Amino acid sequence: MDATLLTIILLGIVEGVTEFIPVSSTGHLILAGALLGYDEAQWAVFNVVIQLGAILAVIVLYWRTFWAVLVGLLGMKPEAWRFLRNVVAGFLPSGVIGFLLIKRIEALLGNPLVVAWALLLGGIAILVIERTAPRGHEKGVADIAFWKALAIGFIQCLAMIPGVSRSGATILGGLSLGVERRTAAEFSFFLAIPTMLGATTLELVKHHDSLGAATPAGIAVGFVISFLVALLVIRWFIGIVTSRGFGPFGWYRILVGGAALIWLMLR
């Protein structure tokens with residue numbers, strides 16, 4: 001198999017598996033680059049654009065929710081407007097801060113050591129918050145208080161550090177503020193849509209004259225792979241969260257982060 005095609009397939013799988021679970025998709029893509037030995041900068045656009053495949057998986061799986069919100073907005077139903085209010089409030093902090101600090105954020109990208117430490121410390125944070133967070137009673141995103149949605153939006157900004165995990169930051173932020181587990185996870189899914197669309201738009205505008213190592217056909221393949229894999233992972237993730245909580249993902253981050261630190265120090 002062609003080396004470029006193999007890289008495309010592997011990165012598509014990594015993106016689909018890791019985008020919505022609290023282990024950091026960007027961090028795993030950076031570590032994959034270090035492990036496979038390719039020039040991560042040449043795959044920067046590819047890594048961002050294929051995230052849209054994972055985002056499409058959310059839209060497909062939750063189309064009934066989005067349709068109900070749209071109908072509710074047209075019918076001026078308070079629950080639908082609260083849903084929209086919370087998603088906008090959760091997105092705005094990262095949208096504004098990400099736009100203002102894009103150059104400093106890019107300086108951190110591609111640094112496997114930053115990723116390894118973030119994975120390790122993030123895993124410890126998951127275990128601590130899982131044990132200490134108050135129990136929430138929200139039955140859906142519309143039930144989240146406005147101030148909580150806004151606070152989660154600011155917490156999401158921590159994910160600008162590679163390895164922190166956007167989904168991890170938003171989910172743990174929600175848990176620490178008393179949001180119910182499943183609701184916190186689904187709110188993270190919905191926040192991913194405007195957040196990733198914004199990140200992809202910025203990346204394409206900046207690199208409109210060059211896609212790097214991947215061709216448009218290669219990006220399309222990565223997009224489809226990440227979409228199909230994410231479809232399976234989202235359902236599995238919700239089942240794990242509902243039955244066992246987030247502890248398994250904390251231990252996974254600790255193991256991967258610790259192993260990455262050892263490997264980076266010895267290579």
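This is a predicted model: local features need pLDDT of at least 70, side-chain atom pairs count only at pLDDT 80 or more; totals for chains, interfaces and linings use all residues.
Local features need pLDDT of at least 70 and side-chain atom pairs pLDDT 80 or more, while totals for chains, interfaces and linings use all residues. Residues are numbered from 1 along each chain as its sequence is written, and side-chain values use heavy atoms, without hydrogens and water.

The largest nonpolar core holds 46 residues. A nonpolar core is a set of buried Ala, Val, Leu, Ile, Met, Phe, Trp, Tyr and Cys residues joined through side-chain atoms within 4.5 Å. Buried means under 20% relative accessible area, exposed over 50%, and partly exposed in between (1.4 Å probe, protein chains only). Phe-20, Val-58, Phe-187, Phe-189, Phe-190 and Phe-237 have the most contacts inside this core. Two or more residues come from each of α4 (51–61), α5, α6, α9 (146–156), α10 (166–176), α11 and α12 (216–244). Helices are DSSP runs (H or I, at least four residues), numbered from the N terminus. Helix α12 gives the largest share, 11 residues. Another core, of 12 residues, lies apart and includes Ala-116, Leu-127, Ile-254 and Leu-261.

Phe-237 touches several parts of the chain. Beyond its neighbours within four places in sequence, Phe-237 is in contact (heavy atoms within 4.5 Å) with Phe-20, Ile-21, Pro-22, Ile-171, Ala-185, Phe-189, Phe-246 and Phe-249.

Nine aromatic pairs are present. Rings of Phe, Tyr and Trp (its six-membered ring) pair if their centres lie within 6.5 Å; planes under 30 degrees apart count as stacked, over 60 as edge-to-face and the rest as tilted. Tyr-62 and Phe-190 pair edge-to-face, at 5.2 Å centre to centre and 90° between the planes. Tyr-62 sits in the loop between α4 and α5, Phe-190 in helix α11, 128 residues apart. Both are buried. The Phe-189 and Phe-237 pair is tilted, because the ring centres are 6.1 Å apart and the planes at 55°. This pair links helix α11 to helix α12 across 48 residues. Phe-189 and Phe-237 are buried. Ring pairs join a cluster whose members include Phe-66, Phe-83, Trp-236 and Phe-246.

The second largest pocket has a volume of about 310 Å³. A pocket is an open set of points on a 1 Å grid over the protein atoms alone, where a 1.4 Å probe fits, with protein on both sides within 12 Å along at least five of seven lines; lining residues have an atom within 4 Å of a point. Among the 19 lining residues, Thr-65, Glu-79, Phe-83, Gly-140 and Val-141 are closest to the centre. Helices α5 (63–74), α6 (78–100) and α11 (181–206) each give two or more residues.

Definitions and conventions
Grid points are joined across faces, edges and corners, and a volume is the space filled by probe spheres set on the points.
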